[in-house]
Structures are given as structure tokens and as C-alpha cells.
Amino acid sequence: MTVEEILSENRRRLEERLLPAAVERLPGMAEHRARCRADFRYWAATCCHIKRKGGGEDILFRLNRPQLKLVAALESMRAMGRPIRLILLKARQWGGSTCAQLYMAWLQLMHLEGLNSLIIAHQHAATAEIRDMFVRMIESYPEDMLESVQEDRPQRSGKRRAKSSPRRTEGAGPGTIRIPSMNFKVKVGSAERPDSCRGGDYSLVHCSEVALWKKTRLKTPEDMFRAACSGVLLQPLTMILLESTANGTGNFFHTEYESAKRGESQFTPLFVAWYEIEQYSLPFEEGKATEFAEMLLAGKENTQPTGDRSQPGAYLWWLWNKGATLEAIHWYVNERRKYSDHAQMASEYPSDDIEAFVHSGARVFDRYKVEAFRGGCTAVSVRGEIEGKEISGPGSLSGLEFREDSQGALKIWKKPDEEGRYSDRYLTVVDIGGRSFSSDWSVIVVFDRLGMLEDGRPEVVAQWRGHADFDILAWNAARIASYYCNSLLVIESNTLETHDRERSVEGDQSGYILYQLRQAYTNLYARKRSPEEIRDGAPLKYGFHTNVATKPLIISNLVRVVRDGLYIEREPECLDEFLTYEQRPDGSYGAISGKHDDLLMTRAIGLHVCFNEMPLPACEAGMSDFYSRQRRHVSSAAYF
């Protein structure tokens with residue numbers, strides 16, 4: 001891209017960011033009413049007054065760009081007849097809470113009678129502002145709209161309700177506003193007073209600044225959310241919105257957002273970045289835009305900042321590729337000088353939903369290098385399970401077949417070479433998690449190393465992720481390794497060794513599980529023995545042991561592989577783990593609070609073995625009977 005192309009694209013982005021012209025009310029009452037019911041933006045801009053920032057007379061609510069993005073997400077669910085379930089991660093100061101509350105009022109006033117709403121703020125002081133905003137809106141609401149709505153709006157009972165003063169509001173307990181003529185109420189509570197958050201007959205719930213909800217002696221944020229939302233039916237014209245700025249990792253909001261992002265919850269995730277907000281923009285002096293574009297282009301490969309109060313050129317170029325305008329990046333460069341490190345800036349003005357959840361440790365992997373791997377992430381070819389005649393034991397390796405199942409835990413991007421013409425082509429690696437669903441995941445990954453003969457890049461071709469007893473997991477891994485041409489099977493043995501030694505009255509059973517597996521599946525990885533152990537005839541120890549000596553080794557190798565793009569990743573969730581992996585102040589490595597590293601560890605172990613402990617794949621004569629015979633025993637000792 002040239003400087004001229006950057007300037008041309010920037011003009012297009014600026015034009016795209018221009019707000020639509022002011023909305024004019026339609027002259028006919030019937031047309032106006034129909035448009036209000038169909039178009040929230042029109043309704044807000046012609047019927048709803050809000051407080052003007054900085055003082056002055058109230059103004060009609062004209063949506064800005066982030067608010068339009070929020071409403072588009074809400075409307076996409078409502079228009080399809082789906083329950084509205086959204087979790088919003090946002091930058092500050094663009095009116096997201098106001099927009100959400102008025103959207104609920106629109107559903108109450110224009111769509112269905114009896115839609116009670118509950119709004120939960122993070123502080124008690126905020127409840128008064130919310131209540132004031134709603135009262136201000138309803139008191140200035142057009143009289144003709146209130147009267148006409150009583151005539152036309154659908155009612156749950158199907159019967160007409162006797163007219164009453166349409167603008168009258170009543171209190172119904174602390175923090176509650178009733179609109180008798182509209183047959184709905186608005187309750188406002190705070191997380192500081194958990195009793196005020198109890199749900200009831202509510203169809204619309206807005207939980208504000210959830211990441212700031214504090215755990216009390218009697219209630220956790222999870223308890224308050226459950227109490228507020230458990231009564232909301234899963235049906236159209238119901239709504240639950242969780243919104244917040246980020247506040248670190250491992251808390252309720254962070255956990256819920258990540259679950260939504262993985263597609264595991266009812267909620268749809270939405271993120272609003274700082275550069276989508278109009279006020280975070282700094283115009284250029286005459287002729288300076290070209291100079292700034294030249295600087296941006298010249299520094300796009302630079303990964304080192306010039307000081308503590310600046311970002312490297314590669315980061316600024318990344319912002320441009322994300323869609324930020326030159327004026328927005330210009331603002332960011334100047335605002336960044338206010339903060340001594342990037343974490344402080346990211347906490348206030350996150351550029352993406354990874355950056356929003358800042359942490360104190362140092363990221364291990366270069367985010368730009370990690371993002372380069374996303375081009376290799378593709379849709380899964382097929383899902384299912386590899387099954388044998390039995391669930392576990394030697395019999396489970398007989399009669400192997402792949403059973404396709406859309407809910408299966410095994411993802412396959414590429415099936416194995418049916419002819420099995422190459423030795424040392426596939427590698428299967430296991431990271432053992434816990435048995436229960438609340439434990440860490442267990443992961444089995446398969447690498448295809450054939451590419452190493454050409455461009456040096458092994459490729460992830462299959463992955464199993466789930467929870468299982470240790471022995472069942474080990475046999476499942478052996479079945480997958482058998483399916484992939486009796487590949488070398490590397491099992492990370494720490495969990496087996498420490499778990500059974502601490503919890504079993506019979507002591508360490510890991511040796512027994514791996515020894516039994518070795519009798520039926522001979523291509524099992526064993527650790528290198530020292531010269532003394534070889535001399536003394538010490539038995540082989542099966543499995544890869546991650547410890548203070550080996551972990552820095554395999555992580556350093558993984559950093560090099562990611563930096564130089566030396567393998568092909570297919571699973572986008574693994575890349576997310578790279579971005580949230582840190583080196584802590586004590587020098588240890590691990591995932592930030594609330595995150596996992598199980599996918600990452602299979603890559604760390606597997607790519608270490610790929611590049612340092614296995615010979616290159618070799619084409620062998622007579623390999624067509626590869627499936628029916630067991631290969632020689634392979635251990636790390638063979639490669640040192």
C-alpha cells in the first residue's frame with residue numbers, strides 16, 4: 001500500500017463515519033407511529049429526550065456510531081424472533097448504558113404490553129441517575145404517542161385496558177417506577193445492595209458494569225446474576241444484556257464473555273473499540289496527514305517502541321488494518337504519552353477484546369506473529385470419535401473405525417494417508433487435564449510432519465478436547481495415534497504422576513497405566529536416560545515430563561517457531577491462548593487468570609519433539625501394510 005492509497009482509504013473511512021443527517025418526523029400520525037415501531041433509531045431521534053453532556057437543554061437522542069452498532073446487534077436477534085441475549089465489552093464514554101435502557105423502553109412502549117424491566121447498576125449512586133434518565137424521558141415523551149400506543153399496542157391479555165392518564169408514574173417500592181397506563185414497571189437496583197437485584201416477573205434485564213460488581217459476604221456476582229435473570233423466559237421479546245468495561249481477568253464478566261466468544265453460552269459477544277468512538281480523534285494541521293501516513297507506512301515492520309510512552313510502528317499499522325482512521329491513530333499516539341506502559345492505556349482504551357483484559361505479566365508471544373497464523377485456521381472437515389471394540393484396554397485398539405458425529409470431541413482437518421507410505425510422518429501429543437467438567441481440559445493433537453520435507457512446516461491435522469478418566473484418555477489417545485498410521489504417541493505425564501501419587505492409596509499408578517499402554521501400543525515416547533541410568537539398567541520412563549528444566553526449553557522453542565512461522569495452526573482457540581500466555585514476575589510461565597493453556601502445551605511439547613527428537617519422514621518400501629504391524633519403539637534417547 002502506498003501513501004496515496006492510505007490517504008484515499010482514510011477519506012473513505014472518514015466519510016463512512018459521518019453520522020446520517022438529522023431525522024425528521026413524518027407528518028402523518030399513522031405513518032409516524034408505524035415507523036417508530038419498526039425503527040428504533042427513528043423513534044429515539046423523534047420521541048426521546050436525554051440530558052445534554054456539559055449542561056443545557058435536553059436534546060433528542062440521536063445515535064452515534066457505537067450505539068448504532070449495539071442496536072444492530074440487538075435488532076438482529078429481535079428481527080429473527082430470537083430471545084435477545086448480548087454481552088457487551090466496551091471502551092468508555094459513548095453512551096452504551098443509555099442506549100440499552102432506551103432500547104428496553106422502546107420494547108415496552110412500542111411492542112408489547114407488560115414487559116417489566118430490571119436494571120442493575122454497579123453502584124447505588126448510579127441508580128439515581130438511571131431513574132432520573134427514565135423519568136426525564138417519559139415526562140418529555142410526546143403526548144400523542146402515549147395516547148396512540150394505548151390504542152394500538154399489542155397486549156398480552158388480548159383485551160383493551162381502560163384509559164388512564166398516560167404520563168402518570170407511580171412508585172412501587174424503592175427504586176421502582178410504575179407506568180399504570182402502559183402496564184409495566186421499571187426496577188432499578190445496584191450490586192452494592194444484592195437484595196435490590198432479585199428478579200421477579202421481568203422480561204428485560206440490563207446488568208451494567210458487571211466486571212465491577214463486588215463479591216460480598218453473602219453474595220457473589222454469579223449469585224446476583226442468577227437471582228436477577230433466572231425468571232426471564234427464553235422467548236422472543238425478552239432481553240438480557242450484560243455490559244461492562246473490562247476489569248482484569250478471572251472474574252464473572254471475563255468468564256462469561258469468553259464463554260460467549262467460544263459459542264458456549266446463550267449470549268452473543270459484542271466489542272466496541274476506542275477507535276469506533278468519534279471523540280477519540282485528533283485532526284491534522286494543514287499538510288500533516290501526508291507526513292503522518294508516510295511515518296505509518298515506514299514504521300509498519302518496527303516491533304520495538306522508541307520509549308515507555310509510545311507504541312511500536314507495527315502496532316500502529318495493526319490499528320490501521322483494524323479500521324482506525326489516521327485521525328484516530330493520531331489521537332492514540334498523543335494520548336499514549338499520558339501513560340507509562342501499554343497496559344494502563346489498554347485498560348482505558350482497548351483496541352480489541354484480547355487487549356481489553358490486561359494483565360500484569362509480560363506476554364510471551366508477539367501478537368503480530370500470532371495473528372499471522374490466523375490465515376491458516378480453517379473450518380473443520382469432519383467431527384466424530386475413533387472407536388474400537390472396547391472403551392479401554394488392549395481390545396480398544398482392535399477394529400478401529402471413525403464414527404462421524406457433529407457433537408464429537410475429535411476435530412479432523414485432514415484424515416490420515418490411507419496408504420501409509422511414510423514413516424515418522426505423524427505425531428500425536430497428549431496434555432492431560434482433569435476428570436470433571438470444571439477441571440482443565442485434556443487435549444490430544446495430531447501433527448502431520450510431511451511438510452517438513454518441503455518447507456519445514458508441520459501441520460495440525462486433528463485435535464480432541466474433553467474430559468475423561470486418565471486410563472480412558474490414554475487409550476483414546478492410542479486409538480487416535482493408531483488411526484494416524486501408528487504415529488509416535490507422546491503423553492505429558494505430570495498429571496498422571498502427581499495426581500495418583502497424592503490421591504491414591506496405592507501410590508503412583510502412572511507407571512502402570514503407561515506400562516499397560518506400552519504392551520499394546522509400542523510406538524510410545526520415553527524420556528531420555530542418562531549414561532548412569534543406562535549403565536545401571538534403569539527402566540525407561542514413558543511420557544514427557546514438564547518441569548523447571550524442560551518447560552523453559554519447550555516454551556523457548558515454541559516462541560521461535562511462532563516468531564519464524566514454522567508450523568501451520570488450524571485451531572483459532574490455540575492462537576487465543578498464545579495471546580494470553582505470560583511470563584510472571586517470578587519467571588514462571590502460565591496462562592493469565594481465567595484462561596487455559598492446554599492447547600498451547602500440546603503445541604509446545606509436540607513442536608519440540610517434531611524439530612528436535614524425531615527424524616524426518618521417510619518413504620519406506622512395503623509401507624502399505626503399515627496399519628497392521630507395530631513399529632519399533634521410539635524414545636528421545638534415539639536422537640541424542
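How many aromatic pairs does the structure hold? The structure, a predicted model, holds 27 aromatic pairs, where rings of Phe, Tyr and Trp (its six-membered ring) pair if their centres lie within 6.5 Å. Planes under 30 degrees apart count as stacked, over 60 as edge-to-face and the rest as tilted. In this predicted model, local features need pLDDT of at least 70 and side-chain atom pairs count only at pLDDT 80 or more, while totals for chains, interfaces and linings use all residues. Residues are numbered from 1 along each chain as its sequence is written, and side-chain values use heavy atoms, with hydrogens and water left out.

The chain has 21 helices and 22 strands; helices (H or I, at least four residues) and strands (E, at least two) are DSSP runs, numbered from the N terminus. Of the 640 residues in the chain, 53% are buried, where buried means under 20% relative accessible area, exposed over 50% and partly exposed in between (1.4 Å probe, protein chains only). Among contacts with a separation of 6 or more, 71% are between residues 24 or more positions apart; contact means heavy atoms within 4.5 Å.

Among the aromatic pairs is that of F134 and F184: the ring centres are 6.4 Å apart and the planes stand at 85°, so the pair is edge-to-face. Because F134 lies in helix α6 (residues 124–139) and F184 in strand β7 (residues 184–190), this pair ties together parts that are 50 residues apart in sequence. F134 is buried, with a relative accessible area of 6%, and F184 is buried at 1%. W331 and Y349 also form an edge-to-face pair, with 5.0 Å from centre to centre and 85° between the planes. W331 belongs to helix α12 (residues 326–336), whereas Y349 is in the loop between α13 (342–348) and β11 (362–363), 18 residues apart. Both W331 and Y349 are buried. These two residues are also part of a cluster linked by ring pairs, which contains W274, Y275, Y280, Y315, W318, W331, Y332 and Y349.

Arginine side chains are placed over two rings: R13 lies over the face of W320, at 3.8 Å from the ring centre, and R560 lies over the face of F611, at 5.8 Å. A charge sits over a ring if NZ of Lys or CZ of Arg is within 6 Å of the ring centre and within 35 degrees of the ring normal.

Helix α20 (residues 572–579) packs against helix α21 (residues 598–612) at an angle of about 90°, with the axes 8 Å apart. Axes are lines fitted to C-alpha atoms, for helices over the stretch in contact, and angles run from 0 to 180 degrees between N-to-C directions. The contact is made by E573, C574, E577 and F578 of α20 and by D598, L599, L600 and R603 of α21.

Helix α9 (residues 252–261) has eight of its ten residues buried, so this helix is largely enclosed by the rest of the structure. The buried residues of α9 are F252, F253, H254, E256, Y257, E258, S259 and A260. Their cover includes β3 (84–90), α8 (221–229), β9 (239–244) and β10 (268–272).

Q93 lies in the loop between β3 and α5 (96–110) and is partly exposed at 49% relative accessibility. L237 lies in the loop between α8 and β9 and is buried at 19%.
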